[in-house]
Structure formats: C-alpha cells, structure tokens
Amino acid sequence: ARQASAVRPVEQAARILRSGGLVAFPTETVYGLGADAANDEAVRRVFAAKGRPADHPLIVHFAAPEDAARWAARWSDDAEKLAAAFWPGPLTLIVPKAAHVSDVVTGGHSTVGVRVPDHPVAQSLLRSFGGGLAAPSANRFGQVSPTTAAHVAIELADRVDLILDGGACRVGVESTIVDLSGETPRLLRPGGVSLESLEATLERPVSIGGDTAAPGTLPSHYAPRARVLAVAAEDLQSTLAREAASGAVVRELALPADPAAAARALYAALRELDEVGVDVAVVALPDPSGLGRAVADRLLRAAAPRPQ
Ligand code: TXA
Ligand code: MG
C-alpha cells in the first residue's frame, strides 16, 4: 500500500494531461475540467465530456502571470495592472490571442481568456504540468458548477481520467471575467473579484456586459431542476405563501447575509434543492455590491426561463 502511494496524485494528474487525458481539479472558485490547451484533440474531449457547443471558448489557466501573458498578442497596461493586483486569484482576462493559440480553445474567436488560479492544488498541478490548462467548470453544460470533488464525480465520473480532491472551494462562484480586447474594459461575468475593486485598480470605469450574444451570457444557466423565484427581500414572505397555496413543495433558499459566505454556499444550496425534491425555491436577491453582484447574477440565471 505504501508503494502504491509513491506517485503523488498531482504528478499522476500531470502525466495524464501530458498524454492528452482529462483531469478535474479544484480552484478557489469552482472545480475545473482540465486538458492540455496546446493539444486540440484533448481540448475537443473537454467539449464532448461537458456536452458544450464548440463555439463557447475555454479559459486557459497558468501557474504564473508571465505564462499567461505569452498567450496574448498584446499585454496592455490594464492587463498588467489587473494581473498584478488580483493574480493568483478569481479573475479571468480576455485578451487578443497570440498566433499559437488554437481556435479549438477560443471557439474561433480572436481573443483568449487567461487566468492564474490561487488554489494550492491548482498551483501545484500547473507547475508540475508546465503548460496552459484549458478548463471550463467541471459540470455538464447548463448545470450548476461543482464546488466539491463529490459534485464533479456525480456529473463526470465516467468522462474524466482523474479527479483531484482539494476540498470545498473557498470562493464558490466562478471567476470575474473582464474583456480587455476593446477600447474600454468590460465586465462580461461578475465573480470572485468585485466590480468596485476592478475600477479602483484601473482608476477608471468598467462597463457592464453589453453584448448579449457573447458566450457565457446565456440567460438560463446555473439552473437546478426546481423552479427558482428570485424576488426582492420585502416580497419573500408573500411569494412563499402564494406558492405554498398552489400545493407545490415550496422552500426558501436561505443564504448567509454576508455576500462572501453566500457565494461560498450558493451552488451546494442549489444542488440540495434537487436532492430533496423541491418544486419551487424562493430566494431573496442580495444587494448587487461586492460579491453580492455575482450571487445576484447566478440567482437570476437560475430563475430565468429554461430552453425547452
Ligand atoms: O472560475 C472560473 O472561471 C472557472 C474555473 C474552473 O477557472 N472556469 C469557468 O469556465 O467558469 P467556464 O468555461 O465554465 O466559463 C468560462 C466563460 C464562458 O462563459 C466563456 O464563454 C467565457 O468564459 N469565455 C472564455 N473565453 C472567452 C473569450 N475569448 N471571449 C469571451 N468569453 C470567453
Ligand atoms: Mg461553466
């Protein structure tokens, strides 16, 4: 038994990645489904495992900011400032892609998303592997992102070569995505780094969303099977009463008042609704400041009308 453990899981994972396999690994935000970003065949396997459309680009993860900058055709002052302030950490930068970056990773776009995660297991995996890891959240397309190794196993056990267990994710919602490829910085997805702290670092305003056709801005996403009603706090009780009167199994989705704690608890709470067979979950929308913006965003997506 001692000899069997002589190969550390991280080294075994790096070897699997070098041979074109798939490894699920923890980050501080959510678990990722990783493949060698320089190996098109491996990256195609990620799309297949998730059931994800090929035009939805993947984020490429690196051990250090210098490595990320090498995948950009242009590394602007804004990119430098944000990388210095928030990496390693829950921030993804969209930058013009370098010539060597594959269209399979970028979904045919001329930009690439890059990020340096700060989870110790992700860091040691990236160092051991040495290159860039293309990694979407390790869930089936349209499902809630996994924040524990057990969540990954439920959705992808038979489609991944190895799952590294790094415990429950500290942030609990995905990275903030900022598009730096245009004239002005644009927030594409609120996440673990707040809009306020981005603007403070850049010393200028960051515009919000905008392009509704952009991948990842699908209205319905992060959705449990239960119907979710996201309402203003003052409407919570009346909504619960109204829904209960219809005879459905109704429950309040109660989240901690502290926005960081709410983010950490959010995805496990959404999964639990389905485990206990709730028909309708009613949740009070948090104030969209700080991490509350990411929590409100995910709740509104969970509540959005579902495609048939
Ligand atoms: O926290 C995270 O970002 C996690 C962990 C694993 O790092 N990853 C993650 O990946 O959430 P994914 O694939 O589930 O979501 C990435 C989002 C997608 O909506 C994708 O469309 C967007 O990032 N994205 C990636 N590259 C892009 C690009 N070049 N232009 C615009 N959007 C991009
Ligand atoms: Mg995802």
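A search of the whole structure, which is a predicted model, finds two aromatic pairs; rings of Phe, Tyr and Trp (its six-membered ring) pair if their centres lie within 6.5 Å, and planes under 30 degrees apart count as stacked, over 60 as edge-to-face and the rest as tilted. Phe 62 and Trp 71 form an edge-to-face pair, because their ring centres are 5.4 Å apart and their planes stand at 65°. Phe 62 is buried at 2% relative accessibility, and Trp 71 is buried at 11% (buried means under 20% relative accessible area, exposed over 50%, partly exposed in between, with a 1.4 Å probe and protein chains only).

The rings of Trp 75 and Trp 87 are tilted, since their planes meet at 35° with centres 6.0 Å apart. Trp 75 is partly exposed at 22% relative accessibility, whereas Trp 87 is buried at 7%.

Attention now turns to the ligand. Around ligand 1 there are 23 residues, of which Thr 29, Arg 52, His 61, Ser 175 and Arg 189 come nearest (a residue is near if one of its heavy atoms lies within 4 Å). A polar side-chain atom of His 61 is 2.6 Å from an oxygen atom of ligand 1, and one of Ser 137 lies 2.9 Å from an oxygen atom of the ligand. In the side chain of Thr 111, an N or O atom is 3.0 Å from a nitrogen atom of ligand 1.

Residues are numbered from 1 along each chain as its sequence is written, and chains are lettered from A and ligands numbered from 1 in the order in which they are written. Local features need pLDDT of at least 70, side-chain atom pairs count only at pLDDT 80 or more, and totals for chains, interfaces and linings use all residues, while side-chain values use heavy atoms, with hydrogens and water left out.

Methods: Polar contact = N/O pair within 3.5 Å; in protein donor to acceptor, adjacent residues only side chain to side chain.
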